[in-house]
Amino acid sequence: MKDVINEFLSEDDSELREAFNILKMEAKLDDLKLRRKLMKLHNENSLIKAINESKIQNENALEQFMQAALMDQKAIDLDKPNSHSGLVTDNVIYQFLSEKEK
Amino acid sequence: MALQRNRTLIQDDIILLKHMQQGEEWAFNQLYLKYNSKVIYHVVNKGCSSANAPECCHDAFIRLYKTCRSSFFDDYQGSLEPWLKKVAYRTFLKGISKKGKTIEEIDELIVQVEDILSDLIKNEEYKGKRDLVIECLDRIGSRCKELIQLHIFGEIPANEIVELMNYNSVEVVYTSKNRCIENLKTRVQNLM
């Protein structure tokens, strides 16, 4: 750090040298704090994106799974418990259908 | 339609920049959330590793934060995206092997710098000199103050100062810097 300051301050400039060192250090601290804040924003943003993506993927997977189950006529015959192929339980189907109705 | 959309995006950037210049932090956060992914993808496409890309992107945003009040941004009319990408790419080229820091590493550095600073500030003589320089910086003219703050304290290289402060060349930056330092020295000596 002193090298940069030595570039333009002569040996007689000790008053400025110390003050400049402090001010440079303060600027460095501000940079670090800002960098930390940005890193935190970046991590939070990545986390939110990852959660949203996995939520969408999960929703898509469930949708596909349920569509496949509904194609199986036995699976939607809710009056006859456990009469379907066994791929999905009645509860899951009830849940899915009630979610759909909402 | 696309042209209209681009105009709206540019307008948004200019409005956010104006708020940033007034010290409103939300505007900076908004710009960060708007462009960080694009800037990261840009440097990754240019060959930066995905581990180091956020660091290059953050350098660009720190530069924007530090220089948003400079003459360069006074009448800025375009989108900030190309400027941020350019600065991030420049950082990537400068520190190609630089490893991106984690939050924990940054925290350690903050503690180290704070320790050094608190030791320095404890010394009444150093603290007095620091306050004196701050006082004199306010009296040497806004352009000189900006040049010293960006180039000396902010460590922004002279070639970038040329662009940010509308100087004609690097040589003019050096000449101006020497003149401003001399002016500052005289004022400090007069007040001591």
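**Cysteines**

I looked up the sulfur pairing in this predicted model and found that C144(B) and C180(B) form a disulfide (a pair of cysteine sulfur atoms within 2.5 Å), with their sulfur atoms 2.0 Å apart. The angle about the S-S bond is -80°, and the link of C144(B) and C180(B) is left-handed. I noted that C144(B) sits in helix 8 (residues 142-153) of chain B and C180(B) in helix 10 (residues 170-191) of chain B, so the pair ties together parts that are 36 residues apart in sequence; helices here are DSSP runs of H or I with at least four residues, numbered from the N terminus. Both C144(B) and C180(B) are buried, where buried means under 20% relative accessible area, with a 1.4 Å probe and protein chains only. A search of the whole structure gave 1 disulfide over all chains.

I then turned to two other cysteines. C48(B) is in no disulfide, and the nearest cysteine sulfur, that of C56(B), is 4.0 Å away; C48(B) is buried, with a relative accessible area of 6%. For C68(B), the closest cysteine sulfur is in C57(B) at 16 Å, too far for a bond, and C68(B) is buried as well, at a relative accessible area of 1%.

**How the model is read**

I kept in mind that residues are numbered from 1 along each chain as its sequence is written, and that chains are lettered from A and ligands numbered from 1 in the order in which they are written. Local features need pLDDT of at least 70 and side-chain atom pairs count only at pLDDT 80 or more, while totals for chains, interfaces and linings use all residues, and side-chain values use heavy atoms, with hydrogens and water left out.

**Two helices of chain B**

Next I checked helix 6 (residues 103-122) of chain B against helix 7 (residues 124-137) of chain B, which pack at an angle of about 95° with their axes 5 Å apart; axes are lines fitted to C-alpha atoms over the stretch in contact, and angles run from 0 to 180 degrees between N-to-C directions. Helix 6 of chain B and helix 7 of chain B are therefore roughly perpendicular, a term for angles of 65 to 115 degrees. The contact (heavy atoms within 4.5 Å) involves L120(B), I121(B) and K122(B) of helix 6 of chain B, and E124(B), Y126(B), K127(B) and R130(B) of helix 7 of chain B.

**Chains A and B**

Last, I found 43 residues of chain B in contact with 33 residues of chain A.

Key
Parallel < 35°, antiparallel > 145°, perpendicular 65-115°, else oblique. Buried < 20%, exposed > 50% of the residue type's maximum accessible area, 1.4 Å probe, protein only.
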